[in-house]
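Please open the model in your viewer and keep the selection panel at hand. The tour below moves from one selection to the next and says what is there.

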Amino acid sequence: MIKTVKTVDLNGKRVIMRVDFNVPMKDGVVQDDTRIVAAIPTIKYIIAHGAKTLTLMSHLGDPAKDAEKAKAKAEKDGKSFDMDKYIKGKHRMEPIAAYLQKKLGKNATVVFAGEDGCYNKKAFIDGQKPGTVIMLENTRFHKEETSSDEKERDKLAKALAEYGDIFVNDAFGTAHRDHASTASIAKFVPVSVAGFLMEKEVNYLEPIVTNPVKPMVAIIGGAKVSSKIAVLESLLKNSSALVIGGGMAYTFLKAQGKKIGKSLVEDDQIDTANKILETAKTAGVEIVLPVDHVGAEKFDAAAKPVAVAGVNVPDKLIAMDVGPKTLALYQKVISKAKTIVWNGPVGVFEFDAFAKGTEEVAKMVAAATEKGVITVVGGGDSVAAVNKFKLASKMSHVSTGGGASLELLEGKKLPGIEVTRCRDYFIAGNWKMHMTRAESANLAKALVKSLKGGKHRYMAAPSFTSLETVGEILKGSNILLGAQNCAAEEQGAHTGEVSVLQLKDLGVGVIILGHSERRHIYKEDDTLINQKVKLALKHGFEVILCIGETLDEREKGKVEAVCKGQTEKGLAGVTAAELSRITIAYEPVWAIGTGKTATPDDAQKVHKFVRGIVEKLYGAAAARQIVIQYGGSVKGDNAAQLMAMEDIDGALVGGASLKPETFAPIAKFG
Ligand code: PEP
């Protein structure tokens, strides 16, 4: 969950906000104001809620690189080149400040902080009248902004942090960049939150990767497979169908042994295409490739379109668009979707003669939106296409970020978003060795109903024998399927054990490991638990790693030593990337199933200590993000008090998870 500007008190505060005002400029004139307009709701909100000052920062182009290129071109063409004039017309923020003033009208006063850069502006900012909007000069005039050296980035970030008590990031288009003004600044301000544009982008794009409303259809087009491998792999996980169009479709068709004429192809990506086709087959995802085409002899706007009725493209033709049979196929697939994500055109839509396929797709997606389907368009070219066909307003969401939306769809964590994230509460039920399949099914059905629309993350872990039945019921719900244990080996002669491969086959997403009953009754030690943790992570599972002291250990003052040892040993060899799939559950053994709960203050002390251990192992950012659940006689009447503590991020619940009327109040706290 990201924390937004709505959750903080702005009254009397100095706000520093990163916006993405990287708009096309010509001779100091704004050519397209989409990104400026997109930031205005957050700007107005901040002023209306009493901020003392609002300082805006943005990059505009890439001054050093752009100027170098323009100079080289001028030299090549034998023309003179005036660097100052060039920079002034293309990279200075003063015209943007003036443009913003026009847009805000009487709602605010906008002042430009000066061409001398972003340093030493505190006195200037503090000297402004309350409610003033200050526009800083282009952040990329300073090489520290984009430096790969963290210390250099921190130098600029510290200077910028001086201008605000609160950092607001609303620059979604730059959220994939780990720069001084997008991410590093968060280390030096007390509070970092997201603006409304960022919030909307994340709320539409993130669920596509994490938990979409199913069935989901993904339409992926564009020229090259190589630039879309990660997004194809990521979307395969949640889609029922993957429509592959545009130039990249011909690498797939060639991989299938079809004739592609002179169409665009990446021969070095044929193996990748085959792998993606195979993964889709195993996962039961329908792949939709063109079955007919519109071709041309030349790649030219004026080229004559030639209809190709079959899948094979004649030798002398380049496929430029999809044909009518393909469009009929698209319609059939799209009509089954509850979510549609579209990234990349299906033909050369920039040339009018070859734009029909992309225009028809845009119309189909727009019609689906009208019927209540969630439709998300992300990525530069498909956004340009919906704008060209004047259908942007007919989509649920059209992303303002090219690279950022692509990386989010690839399932990556974006630095500019991560700094605004607060931890999600995660409430998990451990059903232990209770209930028959029928009883488990009844409980699962009741939970699906009562937790629908619940605002936290949920998981239910039935016994192995009920996993398949419960898994079927939880499919498409907001409750993850958990297992209570797994074997330490992948497969083989291990009588009585259950392997990660078997759990994967049943659709399990999370495995509880190191539960105190496994540690104390079945004598599992840290080495064995760590082996299981690593195996589960290797196979893509999330893990809830349980830790906690016995009563004897508590009485002997060993709480910290025990928790430290179990955390460090449990996580040994776990990479920083894998840590994002770990939840730690602090469960004092004396509180499990006994009705005795640690007081919120006592529990908080241990949680804070454990977070400190994670910080030592993986750094501050990882420690801020890791979810630490509390377990031990959590009930409806103590859940809210426990969860109110700074470092308690959820609960692992045993006894009270066995009935909907005792679990739902915990799950729905707050
Ligand atoms: C547990 O077994 O993980 C647990 C916390 O149980 P209970 O909630 O019953 O104490």
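**First stop: a loop residue**

Select Glu 144, which counts as buried because its relative accessible area is 8%, where buried means under 20% relative accessible area, exposed over 50% and partly exposed in between, with a 1.4 Å probe and protein chains only. Before going on, note that this is a predicted model, in which local features need pLDDT of at least 70 and side-chain atom pairs count only at pLDDT 80 or more, while totals for chains, interfaces and linings use all residues. Residues are numbered from 1 along each chain as its sequence is written, and side-chain values use heavy atoms, with hydrogens and water left out.

Glu 144 sits in the loop between strand E6 (132–135) and helix H6 (150–161); helices (H or I, at least four residues) and strands (E, at least two) are DSSP runs, numbered from the N terminus. Apart from its neighbours within four places in sequence, Glu 144 is in contact (heavy atoms within 4.5 Å) with Tyr 119, Glu 152, Arg 153, Lys 155, Leu 156 and Ala 180.

**Second stop: helix H6**

Next select Asp 149, which caps the N-terminal end of H6 through a side-chain oxygen that lies 2.9 Å from the backbone nitrogen of Lys 151.

Move to Thr 339, in strand E15 (residues 339–343), which counts as buried because its relative accessibility is 2%. A polar atom of the Thr 339 side chain lies 2.6 Å from the backbone oxygen of Val 213. Not counting residues up to four places away in sequence, Thr 339 also touches a set that comprises Ile 208, Val 213, Pro 215, Met 216, Val 217, Val 373 and Ile 374.

An N or O atom in the side chain of Glu 587 is 2.6 Å from an oxygen atom of the ligand, while a backbone N or O atom of Gly 655 lies 2.7 Å from a ligand oxygen atom. The ligand taken alone exposes 290 Å², and the protein buries 96% of that, with accessible areas from the Shrake-Rupley method and a 1.4 Å probe.

Conventions. A polar contact is a pair of N or O atoms within 3.5 Å; within protein, one must be able to donate a hydrogen and the other to accept it, and residues adjacent in sequence count only if both atoms are side-chain atoms.
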